[in-house]
Every structure is written in C-alpha cells, then in structure tokens.
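Please examine the sequence and the three-dimensional structure shown here. The paragraphs that follow lead through them step by step.

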Amino acid sequence: MDNNDRLKPFLIDYIQEITGKSKGRNQYICPFCNSGTGRNRTGAFTIYPETNTYTCFACGEKGDIFTIFAKMNNLDCRSDFPLIVEELEKNTIFCQLKSRHRI
Ligand SMILES: [Zn+2]
C-alpha cells in the first residue's frame, strides 16, 4: 500500500469532525454548499467507503481526503501536498484511527 493511501479512510472521520454525523446512508452535510441543512435535511454530500472518495450532488464538489483537506485549509492539493500529509498525520482524529486500525 502506498504510504499516503493509508490516510484515505480518514475521509469519513474528517467529514464527521467538520460537519457532524451522517444524515443518511453515507450522506453528510456538504462543507462547501451546506446541502443537508435545508428543510428536508437530506445531505447531497455522499461518501463512497469503497473508494474513500466523495461527491456532492448539490454543488458538484468531488475528491478524496487530500482534496477536501486542502480546500478547507486554503492549500493547493498539488504544491502543498507534503504539508497536507504532514497536517493529516498530526490530526487527533487520525491518531485515534491509526491506533484503532493499527496503521
Ligand atoms: Zn455541496
């Protein structure tokens, strides 16, 4: 497994940390367009656990843990990639995940 691939399952924990628990089957409030906070509270932001990627059907945002972390922190996913990895490694949620999954 690629050294950075082990960070990818962290996506769900990270989303829960920033937007709260699931609004349905793998659906969350979108941190970009806030879909899921409306009248029917149906989150359009969907996480695919098989690939550890996300897509928001309301605003069209898609990517993985690296792209969302970059956007939330105003970083560039390519040029700031080493910094993103470093920051994710330091995140408390990731540390808990790491001990749980022994990665
Ligand atoms: Zn959205």
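**A strand with two faces**

A residue is called buried if 20 or more other C-beta atoms lie within 10 Å of its own, exposed if 12 or fewer do, and partly exposed in between, the C-beta atoms being placed from the backbone. In a regular strand the side chains alternate between the two faces of the sheet.

The model is a predicted one, in which local features need pLDDT of at least 70 and side-chain atom pairs count only at pLDDT 80 or more, while totals for chains, interfaces and linings use all residues. Residues are numbered from 1 along each chain as its sequence is written.

The protein contains four helices and four strands, arranged along the sequence in the pattern α-β-β-β-β-α-α-α. Helices (H or I, at least four residues) and strands (E, at least two) are DSSP runs, numbered from the N terminus. Of the 103 residues, 23% count as buried.

Strand β2 has a partner on either side. With strand β1 (residues 27–28), β2 pairs in the antiparallel sense over two bridges; two strands pair if DSSP finds at least two bridges between them. Here Y28 stands opposite F45, and the bridge partner of Q27 is T46. With strand β3 (residues 53–56), β2 pairs in the antiparallel sense over four bridges, and I47 stands opposite Y54. Strands β2 and β3 form a hairpin with four residues between them, and N52 in the turn has a positive phi of about 55°.

Together the strands make an open sheet of four with the order β1-β2-β3-β4 and antiparallel pairing. Strands β1 and β4 (62–64) stand at the edges, each with a single partner strand, so one side of each has no neighbour in the sheet. Helix α1 packs on this sheet, touching β1, β2, β3 and β4, and its direction makes about 155° with that of β2. Helix α2 also packs on the sheet, where it touches β3 and β4, with its direction at about 105° to that of β4. Axes are lines fitted to C-alpha atoms, for helices over the stretch in contact, and angles run from 0 to 180 degrees between N-to-C directions.

Within helix α1 (residues 10–19), the buried residues are F10, L11, Y14 and I15. Viewed down the axis of α1, these fall within an arc of 135°, so they line one face of the helix; the arc is that of the directions from the helix axis to the C-beta atoms. G20, which follows α1, has a positive phi, near 100°.

Helix α2 (residues 65–72) and helix α3 (residues 81–90) pack at an angle of about 95°, with their axes 10 Å apart. That makes α2 roughly perpendicular to α3, given that angles under 35 degrees count as roughly parallel, over 145 as roughly antiparallel, 65 to 115 as roughly perpendicular and the rest as oblique. I65, F66, F69 and A70 in α2 meet F81, I84 and L88 in α3. Contact requires the C-beta atoms of two residues, placed from the backbone, to lie within 7 Å.

Finally, C33 is found in the loop between β1 and β2. C33 is partly exposed, with 15 other C-beta atoms within 10 Å. Leaving aside its neighbours within four places in sequence, C33 is in contact with C56, A58 and C59.
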